[in-house]
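Please look at the sequence and the structure before working through each solution.

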Amino acid sequence: MTIDDDVRAVSSTGYERISKSEREQFQEQGWLLIPNALESTMQKRLVRAVDKVYQEEANAGGLRADKSLHLLGFFARDPMFAELLDYPSTFRYVWSLLGWNIYSHHNHIDVNPPITEPVAPFWNWHQDGYRQNSDIDAAVRPMLSLKVCFVLSDLGKGSGATQIIPGSHLNNELAGRPAKPGDPVITPPGAVSIEAKAGDAFIFDRRLWHSRSVNVSSVTRKLVFVGYTHRWIRPLDEERYHPDPHWQRILTPVQQQLLGNGPDHANFWGVRQDGWIDNDIPLRAELRARGLLDGSEPYLR
Ligand SMILES: O=C(O)CCC(=O)C(=O)O
Ligand SMILES: [Fe+2]
């Protein structure tokens, strides 16, 4: 990262609209790379926090047999993680694309040391959202959620990069799934490995067909994923709360909202008990005060 990149990362408040061309690219491709998203000090702090959690899990027997970690609902594990919720360089994409009535329903830390045993080819292509892909009967299903991935180790083919099929997010089906165990595993047409540097981030529509891949490089893969969805959708991860019930008090109101807090159920639907819109919902209030609820999208009014 150069000094200029650092300045750019720091100088964003998180409340700058994304550009028209970025929005169009996201809508057409289903994902966007955000180069140099992490300011270099933040990147180092985040790696340190991830390494600490990895060690804690290793000590507690929480790693998989291959020494990898896939830790869901990690925010309570270190106070610094909350900074990711509204980290300026990525957060501007989140609210610009999903609106103000949002929170993180699902998030995970992934640490994958290089494999030591060969892994048989497997089919992992999926859209996120589980039953959202069955329960909604529509030719094009709604986005409903998106994920930001903070990249902490260089990604490319062979390094355990997330594989995607750009532009596939409007397709409900993907051909090629092996019909039964033992059938050949193909790579679907259009599949690419995300190429990114440590310090970059990428953001993707949950409908984008994607797959994890195996880390055959010599470097441990470290990624931090933060999913966001509408507040009227339930959390996916368990253990969202810290053993200390007061830890969230140090967070800003927007961060508390993004962790899933709210005074009552009606609030999650964006309204007060009387059914009128609740202007005190922290992210709504923040965007409104900055003149960003311009109605340019239905979710920005
Ligand atoms: O680990 C990966 O590369 C992809 C993980 C994934 O499927 C997801 O975060 O939704
Ligand atoms: Fe996924």
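**Exercise 1: The ligand site**

A polar side-chain atom of Asp128 lies 2.9 Å from an oxygen atom of ligand 1; a polar contact is a pair of N or O atoms within 3.5 Å, where within protein one must be able to donate a hydrogen and the other to accept it, and residues adjacent in sequence count only if both atoms are side-chain atoms. The model is predicted, so that local features need pLDDT of at least 70 and side-chain atom pairs count only at pLDDT 80 or more, while totals for chains, interfaces and linings use all residues. Residues are numbered from 1 along each chain as its sequence is written, chains are lettered from A and ligands numbered from 1 in the order in which they are written, and side-chain values use heavy atoms, without hydrogens and water.

Task: Describe the surroundings of ligand 1.

Solution. 
Step 1. Take two further side chains: Lys147 has a polar side-chain atom 2.6 Å from an oxygen atom of ligand 1, and for Thr162 the value is 2.6 Å, again to an oxygen atom of the ligand.
Step 2. Turn to the area: of the 290 Å² of accessible area that ligand 1 has on its own, the protein covers 91%. Such areas come from the Shrake-Rupley method with a 1.4 Å probe; for residues, only the protein chains shown count as cover.
Step 3. List the surroundings, where near means that a heavy atom of the residue lies within 4 Å. Ligand 1 is surrounded by His108, His126, Asp128, Lys147, Thr162, Phe204, His210, Arg212, Arg221 and Phe225.

**Exercise 2: The pairing of β9**

Task: Determine which strands pair with β9, and state whether its residues are buried or exposed.

Solution. 
Step 1. Helices (H or I, at least four residues) and strands (E, at least two) are DSSP runs, numbered from the N terminus, and two strands pair if DSSP finds at least two bridges between them. Buried means under 20% relative accessible area, exposed over 50%, and partly exposed in between, with a 1.4 Å probe and protein chains only.
Step 2. Strand β3 (residues 102-112) runs antiparallel to β9 and is joined to it by 9 bridges. Within this pairing, Asn112 has Arg221 as its bridge partner, and Asp110 stands opposite Leu223.
Step 3. Strand β4 (residues 145-151) is also antiparallel to β9, with 7 bridges; here Ser145 is partnered by Thr229.
Step 4. β9 (residues 221-230) is mostly covered, with 10 of its 10 residues buried. For β3, 11 of its 11 residues are buried.
Step 5. β3 has a further antiparallel pairing, over 4 bridges, with strand β2 (residues 69-72), in which Leu69 stands opposite Val111.

**Exercise 3: An open sheet**

Task: Explain why one side of β6 and of β8 is left without a neighbour in the sheet.

Solution. 
Step 1. The open sheet has 3 strands in the order β6-β5-β8, paired antiparallel.
Step 2. β6 and β8 (210-211) stand at the edges and each has a single partner strand, so one side of each lacks a neighbour in the sheet.
Step 3. Strand β5 (residues 163-164) is joined to β6 by 2 bridges, and Gln163 stands opposite Ser193.
Step 4. Val192 lies in β6 (residues 192-193) and is partly exposed, with a relative accessible area of 38%. Apart from neighbours within four places in sequence, Val192 is in contact (heavy atoms within 4.5 Å) with Thr162, Gln163, Ile164 and Pro166.

Task: State where Glu57 is placed and which side chain joins it in a polar contact.

Solution. 
Step 1. Glu57 belongs to helix α3 (residues 40-59) and is buried, at a relative accessible area of 13%.
Step 2. The side chains of Glu57 and Arg77 are joined by a polar contact of 2.8 Å.
Step 3. Beyond four places in sequence, the contacts of Glu57 are Gly62, Leu63, Leu69, Leu71 and Arg77.
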